[in-house]
Amino acid sequence: MSEFVEVDTAAGRVRGRWRPTTEGPDAPRSAAFLGIPFAEPPVGDLRFAAPVPHAPWEGVRDALEFGATAQRGDQGDTLIPEPSVEGSSTLNVNVFTPDPDAEGLPVLVWIHGGGFTSGSPASPWYDGRAFTRDGVVTVTLSYRLGFEGFGWIEDAPANRGVRDWLLALEWVQQNIAAFGGDPGRVTIAGQSAGGGAVLTLLGMATAQHLFHGVYALSSALTDVAAARSEAFGRALATSAGVEATVAGMSTVDELRLLTLQKRATHLSPQAIASLVDEGLPLGPAVDGDLIVRPTLESLRAGVGADKPLVLGATDDEFTMVFGGAAAKALRWVPRNVLLDRLGLPRGVRAEYLAANADVVRLGKSRLAGRVLTDRMFRVGVLRAADARGDATTWVYRFSWPSGRFGFAEHCLDVPFFFDCLDGPRIENLAGPNPPQQLADEVHAAAVAFVTDGDPGWPRHEGDAGMVRVYDVPSRDVADAYATIRPLRATDSQAM
């Protein structure tokens, strides 16, 4: 039996590799096609341009290794292992399929997170092995990051990273049938910035033909205001000593631009709460052209209402920010001063503290983490769900406490979603022996949603509706987000 498998795409023939889907001598096989370019390398005249579909090639192109990534260099000890791959052809897709000769299989397209400035589709956690085992074709895609993808330049198209998502999804529509997938059954999913990405796409009227369902994990919506995007772009150009034009920025090499970007976006632990009020400076911007208005406004207007949506967050996304030295420093900060800095309105403070008494008892670092999590993520979950009105929506909470951190931190749900608890560096995030039963449940719900459009618990019906709470055991709970209700009425930040 051949090790390799070939498929014809619109641009040319590609060679992938068969591999066992599970362990054992009689394990079924699936095929992986890695690093297929969907666009020309974004270098030279294309560096700050809209992506251009990749030109056709002659012969058979190997798709056996991950393509180059937009992320550069060693990112250090990040929560998710996301390797960087050198090279200039950074706009690629990876396709994992149960069988290229199949027909009409459901498709999951994954957009990685990383704050729109980092992340990689080459993560071993994003491998589609478990989804292919369960009959789902899986695609992971890359996109331009940071200033290259989202920075304002006077005479360049805005939202270049968003345009990369769109072209990758167009590639899926044109080619996924050749890998056994159904272009009429595409679910887009992502976590953190990737979760924000899929909600952004859900709110774009011009993107509706590219997908049929949305699964958003810990979604971080940016909706950068046009004025802020321009101000940041001009300031970065000034720091580089050039004009904020394509001609000027093109003289700044990639690594220098990255250094300037990191300097301009650095936040100290003391200033991390400003993310809630100001948001990220780099990310999808309301440019009035590609993105015509903030995402929540588009959802309220009914954009994407025909698309089923699952969304949720972990209970303590950013509590780890206040660990270690930060936790020691917080011992000397009066609680009311801390809560002022975190933007918890005084008018609801007593009610909020009472609703979160279990966290209050654990100390100021845990309380600070919960407030930041609620304002950045969990309030946003219900705001997005409510913005859709009667559209088909399901809400979840991921509450299982990590065996390492003792709470459900950012990214903890990702290996459960992909059912890859045997993957590398899982213990760094989840501790020893994370519960496979919970991975079975989270992953099965994702497969059910991608396959049949229903994850298996009651739909969202306002604050008091049922929510799937992922824990051991998991359960469906009415009013499961009750602890953030004080913020719902007063926090004007649309997240």
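**Note on helices, loops and buried charges**

1. Helix α3 (residues 160-175) has 16 residues and runs 22 Å from first to last C-alpha, close to the 22 Å expected at 1.5 Å a residue. Expected span here is 1.5 Å times one less than the number of residues. Helices are DSSP runs of H or I, at least four residues; strands are E runs of at least two; both are numbered from the N terminus. Of the 16 residues in α3, 13 are buried (under 20% relative accessible area; exposed is over 50%, partly exposed in between; 1.4 Å probe, protein chains only).

2. The model is predicted: local features need pLDDT of at least 70, side-chain atom pairs count only at pLDDT 80 or more, and totals for chains, interfaces and linings use all residues. Residues are numbered from 1 along each chain as its sequence is written, and side-chain values use heavy atoms, with hydrogens and water left out.

3. Helix α17 (residues 436-452) has 17 residues, which should span 24 Å at 1.5 Å a residue; its end C-alpha atoms are 23 Å apart, which agrees. Its buried residues include Leu438, Val442, Ala445 and Phe449. An α-helix has 3.6 residues a turn, so residues three or four places apart point the same way. Gly453 follows α17, with a positive phi near 80°.

4. Asp471 deserves a look. It sits in the loop between β12 (466-470) and β13 (475-478). Asp471 is buried but has no salt bridge; Arg475, the nearest side chain of opposite charge, is 4.1 Å away. A salt bridge needs a side-chain nitrogen of Lys or Arg within 4 Å of a carboxyl oxygen of Asp or Glu. Lys and Arg count as positive, Asp and Glu as negative; His and chain ends are not counted. Beyond four places in sequence, Asp471 contacts (heavy atoms within 4.5 Å) Ser399, Trp400, Pro401, Leu438 and Glu441.

5. The loop between β12 and β13 also holds Pro473. The Val472 to Pro473 peptide bond is cis, with omega near 5°.

6. Two non-glycine residues need a backbone check. Ser218 has a positive phi of about 45°, and Asn433 one of about 55°. Most residues other than glycine have a negative phi, and most peptide bonds are trans. Ser218 lies in the loop between β9 (213-217) and α5 (226-240) and is buried at 0% relative accessibility. Asn433 lies in the loop between α16 (426-430) and α17 and is exposed at 75%.

7. Arg378 is in helix α14 (residues 364-387). Its relative accessible area is 1%, so Arg378 is buried. Among its contacts beyond four places in sequence are Asp315, Arg370, Arg397 and Tyr481.
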